[in-house]
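Have a go at each task before reading its solution.

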Amino acid sequence: IKGYMNTPQASNNPISANVGLTDPTIIALINTYNTTLLEKIKLTVGMKPDYPAVVEYDNRLKTLKDNLLKGISIAESSLNLTLKELKDQESFYLTKIRGLSTLERENRELYRQKDIKETLFVYLMQKREETGLSLALATPNAKIIDRATINPIPVKPKSNIIMLAAFILGLLFPVLILYIKDLFNYKVADKSELTSVIKAPLLGEIPSASTMEPLPVRELKSRMAEKFRIVAANLGFILGNQKGKTILITSTIPGEGKSFFARNFALSLATSGNKVLLIDMDIRKSKLNGLLSFSTDKGLAQYLADSEIKIDDIIAKQGDWHQNLHIIPTKIFPPNPAELLASERLDDLFKELKGKYDYIVVDTPPVALVADVFRVNQFSDAAIYVVRADYTHKNALKDINTLYMEKKLSNFCLVLNGVSDAKGYGYGYGYGYGYGYGNSKYYHESES
């Protein structure tokens, strides 16, 4: 076939496949070649050799011819390899035939060794039987009358009893541990403990601050800022859209994050486009002066004590915070804070400020220590009570609920502060007050 395809007459004649070929690939190529050739002859009758259809068929036939020649070459190489292997086998068997005498000698040697070992084996078997007969005829010193029986279940310890005891203890120990843990946990742990006692609305939860930054809500995309925005949104449902909303911030004892919440809540409202005023009304032990710098040297205590001082003199409008946030600091701590807060100038202060700001956030002293918050409450539209997780005593919740039920504070709302496991707060609060609650003693020097 290879020689025929290289002749001129093969270009227009089919190739015969019935020549004894068994390779299916070559047979398939021959059939494809013949089919294409017949198709060309049939469809290109009368066409010139340079006609596109004729050229296309010629190219296809040339490709098939090349593939067929390659296939024949591969089959030829395979047959040559098979022939070489057969010749190698012929040489191998001829060599073995020449060495038959050596194999016979080795075979006889193996038979001789077999006979020797077989004789030895029979001898040893005979000796074993003789020894067995001798032992059987000998009288034993002891005889087994009845073989011992073995119970697979041990007599002791009783596994069923042990498993039952382990099951009962496995049920009792977790219950006991949880009971003891709850017995010694005298502080509010989470939102469920807070809302189960106090039925007031819960505005939200504030996470613990991870830095010493006094105003972490300045990071507008932080988790802290988002939580404050949630609180502000929930408070909006309670207060509505009235102008000059006054919000009172308080807590039970120092250290619960009241001042931290107040300044950050005010800044959060300011960043939302509201005009906000933060009043630091804790004129006893406030630490806001040390956390922020103010553009005014006069504060709330001086305004209440001196009738010559005007409101604009005590408002700090510029500082390291937001342009929409103004602050009235305390500046000094007077010896008579209760008398100053009872003066009429405080009434005048709120009357004038309510028309100038969208929100007025008032940071007041803790409820459990002084009564200043009730004086300020008459000007407030809402009171946010800050409770700190893992800090506020559970005994205090009943008193907080009493404040809510008796409506001693306007639009009483709750905020749970410090909900994470972090123990550090990024601010300080130095009251130094002592306060007794039942058998528990609250005494904290700072909120840190």
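**Exercise 1: a strand and its cover**

Strands here are DSSP runs of E, at least two residues long, and helices are runs of H or I, at least four, numbered from the N terminus.

This is a predicted model: local features need pLDDT of at least 70, side-chain atom pairs count only at pLDDT 80 or more, and totals for chains, interfaces and linings use all residues. Residues are numbered from 1 along each chain as its sequence is written, and side-chain values use heavy atoms, leaving out hydrogens and water.

Step 1: take one face of E5, with Tyr 359, Val 361 and Asp 363, all buried.

**Exercise 2: the neighbours**

Find which strands E5 pairs with (pairing needs at least two DSSP bridges between the strands).

Step 1: strand E2 (residues 245-251) runs parallel to E5, joined by 5 bridges; Ile 247 stands opposite Val 361.
Step 2: strand E3 (residues 276-280) is also parallel to E5, again with 5 bridges, and Ile 279 has Val 362 as its bridge partner.

**Exercise 3: the whole sheet**

Step 1: the open sheet has 7 strands, E1-E7-E6-E2-E5-E3-E4, with parallel pairing.
Step 2: its edges are E1 (202-206) and E4 (325-328), each pairing on one side only.

Methods:
Buried means under 20% relative accessible area, exposed over 50%, partly exposed in between (1.4 Å probe, protein chains only). Two strands pair if DSSP finds at least two bridges between them.
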